[in-house]
Amino acid sequence: MSLDDAQFVNGNSQQQSVGSVDLGSKRVSHGSRGGGADSEGFSMSMSHRDINDEDSRLIYVNDALKTNERFEFAGNSIRTAKYSIFSFLPRNLFEQFHRVAYIYFLIIAILNQLPQLAVFGRGASILPLSIVLLVTAIKDAYEDWRRHRSDRIENNRMVSVLINDRFQLKKWKDIQVGEVVKFSADDTIPCDIVLLSTSDPTGVAYIQTINLDGESNLKTRYAKQETLSRVPEKDRINGLIKCEKPNRNIYGFMANMEVDGKHLSLGPSNIVLRGCVLKNTNWAVGVAVYAGSETKAMLNSSGSPSKRSRLETRMNREIILLSVFLVALCAVVSVCAGVWLIRNEDDLEIMQFYRKKDYSKLPVENYNYSGVAMEIFFTFLMSVIVFQIMIPISLYISMELVRVGQAYFMIRDDKMYDESSNSRFQCRALNINEDLGQIKYIFSDKTGTLTENKMEFKYASIFGVDYSGEKINIDDEHRGYSIQVNGQVWRPKMKVVVDKELLQLSQNGKNTEAGKKIFDFFLALAACNTIVPIVVDTSDPAEKLVDYQGESPDEQALVYAAAAYGFMLMERTSGHIVIDIQGERTRFNVLGMHEFDSDRKRMSVILGFPDGTIKVIVKGADTSMFNIIDKSVNLDIINATKSHLYSYSSIGLRTLVVGMRELGVTEFNQWQSSYETASTAVMGRVALLRKVAINLEKNIEIVGASAIEDKLQKGVPEAIESLRKADMKVWVLTGDKQETAISIGYSSKLLTSNMTQVVINSNSKMSSRQNLEDALNTYGGPESNESSLALIIDGTSLVYILDSELEEQLFQLASNCAAVLCCRVAPLQKAGIVALIKNRTDDMTLAIGDGANDVSMIQMADVGIGISGQEGRQAVMASDFAMGQFRFLVPLLLVHGHWNYQRMGYMILYNFYRNAVFVFILFWYVLFTGFTLTTAITEWSSVLYSVLYTSAPTVIIAVLDKDLSRRSLMTYPQLYGAGQRNESYNAKLFWLTIADTLWQSIVVFYVPLFAYWRSDIDGSSLGDLWTLAVVFLVNIHLAMDVFRWTWISHASIWGSIIATCVCVIIIDAIPVLPGYWAIFDLASKKSFWICLLGIQIAGVIPRFVIKMFIQHCKPSDIQIAREAEKYGNVMELSGQEIEMNPQRR
């Protein structure tokens, strides 16, 4: 983000509050102009609104008692921990039971405690839910203990506070709003503080905000001149601050201060925020205005919005179907039980094994018998208890564990490690890992996302003359411009390649007409900015480097360029700047500055020159600057500059226009009076200041234009090509000019030479409608070739299209295009474009960006990715995942995304199968026991089935198994289409799984039943056989589907079988439990082993046959690629290529 993205977000004082736009709470106008009034709701935060009594707070400087007398403001103690010792248990349980499934299992456990419904032992029935709750509670408790420890360290840090006219050390947690605080160099700011004075005579303080927004560049903050001279220990500091109520906007602040009868305006440059660090300033003093939980840093610590994966949403649909199955099974059992009771009603009192009467005491009473109707009802509830695991409780905790494991391997992937920034991949949202495998649309920012956002000055157009000739690499011929300061050599930290002719002319001074124009141009570059020069040491004590710190990479590049040509910015304060001009040190008074805003799209500074003249220097985007340039003079220069700008943009360079004019004393006094009136206004301050700036920035004389190169990141063209081969549509949304965006489109391979460009540039709704209709008539037919179309549309057209009936036409046109390039778009328009696709298709969307202007787009998309680049961490803080380079998107989606989706899809279906097969076995048994819901399988085996017997292999295989190698997935991007087509999880697979489940349950139940039909075997022995058979079968079923065996896979699958055998032996060895010694007697017979083996063979044969048939007769792309991996060496030697299925849309 930079001044070329200018019309939308301020490069020097960004106005977007991270997370402050709630796209889901109300309708927002995505089509608003970047510079229009409609966009103010986005770009203007609370800090830029007028202060009224309802939205303000009063702070008495150095009087905390009076400040907190009427309203007790928050103390400075912070608490990020969620729980206390007393609240942990109830609150944690309350949060866990937000999951409906947990409530379901809780109800089941409660029902089982009732005597009429007790099927399992009361302890056994609550064990599964207890384990799940306990594991989650332990995890939450550990995380909260770490938060408590961090809070304790933070709250007990010390700082100097003015108490009884002396600065005394005080703990951070004891600071109150209204107290005067003093902090020194390298100290962290304890709360949000309005500066009163600093060690610098001009009141400047340098602040590092890396802890707040990730930006390492220093920012300047200023104390007001009226409070600078006050010495807190000697002069009683009194005053009243009226400021806005606490809000989340870290880039804005609005307040008034009354000191000695003077009304002063306060803005973002007068406040330092909690978490920032004081740098290059010995000390600073200020008054606390927001403390503790009300500081902007704490208000922004809520994290990104919660999202639910598409796979989990579809899984819930299948869980509803399983619930229907459960109800159906219970209804069948209860109805059959009712019929049986009616048929045998006369014999119930004497029937063996059925106890209607209790004869153990007199008088004789009914023994848990309440009549046929109630017995049917109780039978239904008991059936729910017995068949409860049809809804897999273990699935939820398994999914969490699998996602943690997947996140670990994504984070540790060296292929996504960025050496330049020393940053690894970040997984900020664990619940949508599998969505990475189903992406269809990618929406990308350009600056800082596709490009490096490391600007390099390339060309200049000065008074109509193009300087883009022979270049000199200063590393080769000389070491560049330097100055002597106190016997030391000062050099700019960054080297710049300079134009040979321009360098010679700049060194000739103002003696010639060309030299004077060049002087004005580079002076404007060196002066019209908010860059802070920082002098840093080198290994040579006689040499220093000047590091230009600023929030805008464009400004840094321009100031370094000015220094390379002999205009070296040496010093900046709130009142003046010092520039070394070809060895002559010159001081300019900074008489005023209008920083950039999204309406004007430019910034201006008023300089007082040594000769007494006053000039205003303006720079900004060309669309904004040419509206204020005086066209009555130098028309040929203006036209030449426009031509140069077009040629610069056509090769992908970013451009800015510079102008200036001289101010008369009267005009300056009028401006000063208007500015003071506007800046101290209680109501309408923002609008008044904007009006003052617009009145000043007129009749500007053009000075020239600059061209800056923002190079593509490494691997971007190859990444986009791979993503498009994977049948993903890449849309680039940028604030750059159309020519620049198109040039970058070609260099990044988003656009190709054989594409037909459909360009829509409209300035009205009628023309937008006409352009869309013409494009649809020409290219919208079914015979159009999608791969040969590219849509290019500007933000002005989107103003009239988004949030109107034209959206549908835009969607139809864009759907027929292989690439879409949106230029000059505002932040909310980016979100609107994402919403355009989300609202009209079921395809998954991904948005990737690096700046504050990408936050709304990132939050709107199904998956949001932040680039941790040059523009701070606004995008990262709002994202689901974060990484250092755009090219990492390829391994993230094609490799990890594919693996995550395939594994999770299989795991969900396997969990459904694993639990359902056990339930059906219990159901078949009920049909042979008079519908009494007695179970041959012991209650402990029923409980341990999904918790111990079969749980570990599910998780381990879902974390470690790989259907294809990384090499294959990267070599053949079209394999990614399996996720887009839902091949690993769909309704067809669900019903096939249910059919296979039915067959396997029938085999497991009926083979032993018929084998022992005439024998004297008891129910406990049959139950043990069924338990071992089903555990063996589901693990062998899983083993058949494992793609890559590792020792961990072997240990988990075969270890689970061994663990089951051990548990069954232990349970049968306990005399007090039913089925004592059953397994020992059963295993001593040959028929047991024959049955066990026969069940496994018969159970898997249908699955094996169908799987072999499909893989040989109708192989999927995945199967083809797996065979290619197996026979890869042979195919490489013979020169054969892999032929896969055609893409299905």
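Which residues does L969 touch, not counting residues up to four places away in sequence? They are L894, V895, H898, W899, L964 and L975, where contact means heavy atoms within 4.5 Å.

This is a predicted model, so local features need pLDDT of at least 70 and side-chain atom pairs count only at pLDDT 80 or more, while totals for chains, interfaces and linings use all residues. Residues are numbered from 1 along each chain as its sequence is written, and side-chain values use heavy atoms, with hydrogens and water left out.

**The chain overall**

- The chain holds 38 helices and 39 strands. Helices (H or I, at least four residues) and strands (E, at least two) are DSSP runs, numbered from the N terminus.
- Of its 1145 residues, 57% count as buried. Buried means under 20% relative accessible area, exposed means over 50%, and partly exposed lies in between (1.4 Å probe, protein chains only).
- Take the contacts with a separation of 6 or more: residues 24 or more positions apart account for 75% of them.
- The chain exposes about 47700 Å², and carbon and sulfur atoms supply 55% of that area. Accessible areas come from the Shrake-Rupley method with a 1.4 Å probe; for residues, only the protein chains shown count as cover.

**L969**

- L969 sits in helix 30 (residues 966-971).
- L969 counts as buried because its relative accessible area is 2%.
- P891 is 78 residues from L969 in sequence, yet the two are 8.6 Å apart in space, C-alpha to C-alpha.

- R572 belongs to strand 26 (residues 567-572).
- R572 is buried yet has no salt bridge. A salt bridge is a side-chain nitrogen of Lys or Arg within 4 Å of a carboxyl oxygen of Asp or Glu.
- Lys and Arg count as positive and Asp and Glu as negative; His and the chain ends are not counted.
- The side chains of R572 and N529 make a polar contact of 2.6 Å. A polar contact is a pair of N or O atoms within 3.5 Å; within protein, one must be able to donate a hydrogen and the other to accept it, and residues adjacent in sequence count only if both atoms are side-chain atoms.
- Beyond four places in sequence, R572 touches several residues, including Y206, A526, P533 and M593.
- K170 lies in strand 3 (residues 166-171). K170 counts as buried because its relative accessibility is 16%.
- The K170 side chain reaches the backbone oxygen of D174 at 3.3 Å.
- Leaving aside neighbours within four places in sequence, K170 is in contact with R157, M158, V159, V161, I163, I175 and E179.

**Salt bridges**

- The count comes to 43 salt bridges.
- K544 pairs with D537, with the closest N and O atoms 2.2 Å apart. K544 is buried at 15% relative accessible area, whereas D537 is exposed at 59%.
- K765 and E805 meet in a salt bridge of 3.3 Å, N to O. K765 lies in helix 21 (residues 765-779) and E805 in the loop between helix 22 (795-801) and helix 23 (807-815), so the pair ties together parts 40 residues apart in sequence.
- K765 is partly exposed at 34% relative accessibility. E805 is partly exposed at 46%.
- R1044 bridges to E1125, with the closest N and O atoms 2.5 Å apart. This pair links distant parts of the chain: R1044 is in the loop between helix 33 (1019-1041) and helix 34 (1047-1068), and E1125 is in helix 37 (residues 1117-1126), 81 residues apart.
- R1044 is partly exposed at 31%, and E1125 is partly exposed at 28%.

**Surface patch**

- L1093, I1097, I1101, F1104, V1105 and M1108 make a nonpolar surface patch of about 560 Å². Patches are made of residues with over 30% relative accessible area and no salt bridge; like charges are joined within 9 Å, nonpolar side chains (Val, Leu, Ile, Met, Phe, Trp, Tyr) within 5 Å.
- I1101 is in helix 36 (residues 1086-1113). I1101 counts as partly exposed because its relative accessibility is 44%.

**Positive phi**

- N280 is not a glycine, yet its phi is positive, about 55°. N280 is in the loop between strand 12 (277-279) and strand 13 (283-290).
- D727, which is not a glycine, has a positive phi of about 65°. D727 is in the loop between helix 19 (716-725) and strand 33 (729-733).
- D727 is buried, at 11% relative accessible area.
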